Amino acid sequence: MLRIARLSVTALVLLVVWGFTLTVAPPSIWTLVALAPVYLVFALGLYLASSLAYGVATFRTVPEESEYLKQDISRARAGLARVGITA
Amino acid sequence: MVVRRVHTTSKYSVLLPTYNERQNIPIIIYLLVETFELHKIRFEIIVVDDNSPDGTQDVVKQLQRVYGEDRIQLRPRAGKLGLGTAYVHGLQYASGDFVIIMDADLSHHPKYLPDFIAKQAATGADVVTGTRYGPGGGVYGWNFKRKLISRGANTLAATLLQPGVSDLTGSFRLYRTACLEKLIRLATSKGYAFQMEIMVRARSLGYTVAEVPIVFVDRVYGASKLGGAEILLYVKGLLKLLVTT
C-alpha cells in the first residue's frame, strides 16, 4: 500500500473515532475531546522540534579531518609529481 | 598506523561524475588507487565528465597512462546533463559486482571505502550508505545554519517516509550493481531529493541497507550550494515521494 494511502486510512480511522467520541463524551470532558486534534498537532510539532534540536546538538564538527585531508592532498601531490602529473 | 586489511574477491566500480574538477580529480584518483591497492581490492574508476572546460579530461587521460585504461575509464558526455543520467551513463561501463558513488571534490574521502566494503561483507547488505549523523560521523566547514538545514531536511524526511536510515541526502554510497541499475531507472527527482528518492525506493523494493559513519569535509568555503530554490526543490521531491512510494 502506498504511504499516502496508509496515512489517509489512519487519518480517517482517527477522524471516525474522534467523531464518535464527541457524541458519547460527557460534558465534563467534551471540550478536551473536541480540542484533541489540536493537542495532537502540537505534540507532533514538539516531537519534531525536539528531534531536530537533538540532531543538531549531536551533529559533530570534526576539524581534525580537515587537517588529515590537507596532509593527504600534499602526499598525493608529491606522489603524482613523481609520475609527472601536476595537481 | 595499523591497517586492518579488508578481504574480498569482489570487484568494485567507482563512479565519479565530474564538472570542472581538474584540481581534485588526480588527487582523488591517487587516493582511491592507494586505498584499493593497500587492501588488494580489484577495482575500476569510471569518470563521467560533462565536457569540463578546465582540462579535467586531459588530466584523466594522463592518469590512464599511469594507472592503466582498464582501471581508469573516461566516459565523457556532451554537457551538463544531471547527476542521475551521469550514473546511468557510467553504469553502462561498470563491470564490478558493486558500485560506489561519491563526490569527486574530496568531500568524501576514499579512506572510508574499506569500512563500506567490510560492512557489506559482514551484513550482506544490498546498499551501504555513509552517514554524517550517526556516532563517529560528522562534518567540517559547515556553520550552524547549514547544519540546521541539513538536519531539518533529514528529520522531516525521516518522519514522513520512515526509511530506517539516518542520512537520506548523503551521496557517499556502495550499491550492489544490479540494485543500483534497477533503482536509477526509477528515480526522477532532481537536486538533493534525488539521493533521498534512491534510498526510499531501495527500502520499498526490500533492499537491505547498512550504514557506516563518515565525516564530510566541505572545502568550498563561502560558496553556498543551498539557496531557496534548492530547498523548494527538496520539499517538492519529498512530497512527491510521500504520494508515490
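**Notebook: the contact of chain B with chain A**

I looked up the link between B:Glu34 and A:Arg75 and found a salt bridge whose closest N and O atoms are 2.3 Å apart, the term standing for a side-chain nitrogen of Lys or Arg within 4 Å of a carboxyl oxygen of Asp or Glu. I then took the count between chain B and chain A, which is two salt bridges.

I note that this is a predicted model, in which local features need pLDDT of at least 70, side-chain atom pairs count only at pLDDT 80 or more, and totals for chains, interfaces and linings use all residues. Residues are numbered from 1 along each chain as its sequence is written, chains are lettered from A in the order in which they are written, and side-chain values use heavy atoms, with hydrogens and water left out.

I checked who takes part in the contact (heavy atoms within 4.5 Å), and chain B gives 45 residues while chain A gives 33 residues. By class, I list 25 nonpolar, 13 polar and seven charged residues on the side of chain B that touches chain A, with Gly counted as polar and Tyr as nonpolar.

I looked up the buried area (accessible area, 1.4 Å probe, that two parts lose on being put together, summed over both); between chain B and chain A this is about 3,200 Å², with 65% from carbon and sulfur atoms. On the side of chain B, the residues losing the most area to chain A are B:Ile27, B:Tyr30 and B:Lys147, together 16% of what that side buries.
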